[in-house]
Amino acid sequence: MRQLLPVIAAVLALVVPGTAYAAPADPVAVTVELINKHRAKHGAAPLTVDPEVTRTAQEWADHLQTTDTFEHRPNNLYGENLYAVGSRTRALDAVATKAIENWYGESRGYDYAKEYNAGNVDYTKLHFTALVWQSSTLVGVGLAQGRSGTYVVVNFAKRGNTLGKFVDNVRRPA
């Protein structure tokens, strides 16, 4: 009987009016919502999910998972953040959330008054700056999970991290 209780509860949730049923979270929606939450802290407009940017991100996430590699897409038209974890048992939205939080964590110690040029780029901050880049308006998220782990690819359009444009595009949190 104990084994049947979850089944009975699920059936009741479907047939009894007023019973809440929580559908599984869409990992892409969860990821974009979190990105936009962090962008809002910096006065950046929310990103809009774009089908072509998403297709490119998903294609690359699938490639990384299939080939068990971890590298940026060559000649990518978009800005790109990558994240990988060896676990393939965690939910995709949990892995994507961890990726976004890790990237946003790069903001610690960021110098908002410093303009980056070819001689002084701090490469340890570029995932963060891509997340909150003011002139980026579109986003695509690719998520892939398989025997080699879980991959998160986030593409941004208009591409950010442009030398000489950091002060204008990476604002202090409000």
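This is a predicted model: local features need pLDDT of at least 70, side-chain atom pairs count only at pLDDT 80 or more; totals for chains, interfaces and linings use all residues.

**Stop 1: helix 3**

Select helix 3, residues 51–67. Within helix 3, pick out arginine 55 and glutamate 52, which are 3 residues apart, or about one helical turn. Their side chains meet in a salt bridge, with N to O at 2.6 Å. Arginine 55 is partly exposed, at a relative accessible area of 41%. Glutamate 52 is also partly exposed, at 37%.

Glutamate 59 and arginine 55 both lie in helix 3, 4 residues apart, which is about one turn of the helix. The side chains of this pair form a salt bridge as well, at 3.1 Å from N to O. With a relative accessibility of 37%, glutamate 59 counts as partly exposed.

**Stop 2: from the helix to a loop**

Which residue forms a salt bridge with glutamate 59 at 2.3 Å between the closest N and O atoms? Select arginine 73 to see this partner. Glutamate 59 is in helix 3, while arginine 73 is in the loop between helix 3 and strand 2 (79–85), so the pair ties together parts that are 14 residues apart in sequence. Arginine 73 is partly exposed, with a relative accessible area of 22%.

Show the four residues together: Glu52, Arg55, Glu59 and Arg73 are linked in a network of salt bridges. The structure holds 3 salt bridges.

**Stop 3: arginine 39**

Select helix 2, residues 27–41, and find arginine 39 in it. Is arginine 39 buried or exposed? Arginine 39 is buried, yet it has no salt bridge. The nearest side chain of opposite charge belongs to glutamate 106, which is 14 Å away.

What the side chain of arginine 39 does reach is the backbone oxygen of alanine 45, at 2.8 Å. To see the surroundings, leave aside the neighbours within four places in sequence and display the residues in contact with arginine 39; among them are Ala44, Pro46 and Leu47, and also Leu131, Trp133 and Ser136.

**Stop 4: strand 4**

Select strand 4, residues 149–157. Why is strand 4 described as largely enclosed by the rest of the structure? The reason is that 9 of the 9 residues of strand 4 are buried.

For one place where they face each other, select leucine 143, which stands opposite valine 152 in strand 4.

Note on methods
Residues are numbered from 1 along each chain as its sequence is written. Side-chain values use heavy atoms; hydrogens and water are left out. Helices (H or I, at least four residues) and strands (E, at least two) are DSSP runs, numbered from the N terminus. Buried means under 20% relative accessible area, exposed over 50%, partly exposed in between (1.4 Å probe, protein chains only). Lys and Arg count as positive and Asp and Glu as negative; His and the chain ends are not counted. A polar contact is a pair of N or O atoms within 3.5 Å; within protein, one must be able to donate a hydrogen and the other to accept it, and residues adjacent in sequence count only if both atoms are side-chain atoms. Contact means heavy atoms within 4.5 Å. Two strands pair if DSSP finds at least two bridges between them.
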